[in-house]
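Here is a colleague's note on the model shown below. Please read it with the structure open.

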Amino acid sequence: MNRRTFVNLFLGGSFLGTVVSFLYPVIRYLIPPRQAEAVAKRIIAAKVGELAPNSAKLFRFGSSAAVLINTSDGELRAFSATCTHLTCTVRYEGDTETLFCPCHNGRFDLAGNVISGPPPRPLEAYEVEVSGGDIFVSRKA
Amino acid sequence: MNKWWEKMQAYLEPRFQLSAIRDFAQKKKVPEHKHSFWYFFGGICLFLFVIQILTGVLLLLYYTPSVDAAHESVQFIMSQVKFGWLIRSVHSWTANILVGVLFIHMFSAFFLKAYRPPRELTWITGFLLLVLFLAFGFSGYLLPWNELSFFATRVGTDIAGVIPLVGKAIKTFILGGPEVSGATLTRFFWLHVAVLPAFALLIMGIHIILVQSLGMSKPIGIGETKEIFFFPDFILKDSVGWLLILAVVGAVCVFLPWEAGPKADPFASTPLGIKPEWYFTFMFTTLKLVPAHIFTIEGEVLAVLGFMLGGLLLMLVPFLDRRAAHEKRSPVFSAIGLAVVLYIIIMTALTYLAPNIGK
């Protein structure tokens, strides 16, 4: 290696090192810091008697929405309200007794299973428990 | 008046070397033939972009980019600020018209094979500008923080999230966290008013320099043609198009002012009939029709990868269409282009005419 090549490599390498040392903090700055997600374990979703048969209620469960359904038989069921296709929030449709996602027309039955449309997975089901006058919803263990 | 003008020119000439610019403008000519109508759409895009900058700067005066205040500030602009409804409507309507004209400009350049050497980089910078303006549309849509824009952003960013390997990291970066929140609004605002305009101006500068230095492309098979001067003849004709567009923008803003919509509630059900801005609807309807699984792969992943591959092929068309590069007609590429245009039109029409498709 002659002196010219050495100087070129040295200067080129130093320039590259400087560029990287400037870019690194900028890139790290652009990546959002990890924040603790609010993970709910067990919350009061509704009061007993609040939901008529064949109706539902959306409630906040941690940092996302969940749905509590009182079926026409009077059975309480709870699911994540986040559609498994592209994360829109599902809505309860009493006439068909299904959960419907208006974004891409995905439909789930009251066990959370996909009946039609593009969702690839069932909705996450939660435990429902009645205690005192309250309806508690919790994640399945 | 004339003396004052001469004095002014004498002062500016040695400082700005105006004669060089004038000489260039006087020499530059534009070919005129049966397809030269399509040349005007580039100028219309530029004109609409200038309107976007002017109205965007005005909106910044009252808009507040926070979850608690964004929707309220847009409502304030629409109802309290004098002519606020007009400025915001012009901004929103022009954005939509601009994307439409960009599509026309791109496909007309495609069918006239204007991407032939030495104009490959003109095509690529043009394609990048289209992508940038779609990003402008997507980021600007969330800023009023209304119901529709909230869920459209959720779906749009989740689409980025399904890209294998890097999707999750891209989604977190765009959203500023795991889901659409105040951090997303801040990021979209930052993108919309700082990052995207900087890139758009840079790439547009390169695009315009290329167009000016290489001149307009003549379609294959068009030999010697009549030429008109760029300045003032072509510019004057172009300005007729600008005035027509301005009249259209004014009319739609007065008769159909842009709505603010209800404020977003992240814990409410997605409203019925939700759909994105019209220029994303062909992808939206495709995602409705794609089955949940194709073989063992999730349908949405395949669809998103398909769109990305389609975009990449479109960008690289100057290097793929070898026949056009040798000044020969390339009907296969024209047929593929026509199929793409028909696909976009049919899927867009289905979004509005058959909203329950796939239900």
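This is a predicted model: local features need pLDDT of at least 70, side-chain atom pairs count only at pLDDT 80 or more; totals for chains, interfaces and linings use all residues.

The points below take chain B by itself, then its interface with chain A.

1. Local features are reported only at pLDDT of at least 70, whereas totals for chains and interfaces use all residues.

2. Fold content. Chain B holds 15 helices and 4 strands. Of its 359 residues, 45% count as buried.

3. Overall dimensions. The radius of gyration of chain B is 23 Å; a compact globule of 359 residues would come near 21 Å, so the two agree. Along the principal axes, the C-alpha atoms of chain B fill a box of roughly 65 × 55 × 35 Å.

4. Contact range. Take the contacts in chain B between residues at least 6 apart in sequence. Of these, 78% join residues at least 24 apart.

5. Interface extent. On the chain B side, 36 residues are in contact with 30 residues of chain A. Together the two chains bury about 2,700 Å². Carbon and sulfur atoms account for 58% of that area.

6. Specific pairs. The count between chain B and chain A is 1 salt bridge. R121(A) and E298(B) form it through their side chains, at 2.7 Å from N to O.

7. Who supplies the surface. In chain B, α7 (147-161), α8 (167-175), α9 (182-214) and α11 (281-289) each give at least two residues to the side that touches chain A. α7(B) gives the most, with 5 residues. By type, the residues on this side of chain B are 19 nonpolar, 9 polar and 8 charged.

Methods
Residues are numbered from 1 along each chain as its sequence is written. Chains are lettered from A and ligands numbered from 1 in the order in which they are written. Side-chain values use heavy atoms; hydrogens and water are left out. Contact means heavy atoms within 4.5 Å. Buried area is the accessible area (1.4 Å probe) that two parts lose on being put together, summed over both. A salt bridge is a side-chain nitrogen of Lys or Arg within 4 Å of a carboxyl oxygen of Asp or Glu. Ala, Val, Leu, Ile, Met, Phe, Trp, Tyr, Cys and Pro count as nonpolar, Asp, Glu, Lys and Arg as charged, and the others, Gly among them, as polar. The radius of gyration is taken over C-alpha atoms; the globule rule is 2.2 Å times the number of residues to the power 0.38. Buried means under 20% relative accessible area, exposed over 50%, partly exposed in between (1.4 Å probe, protein chains only).
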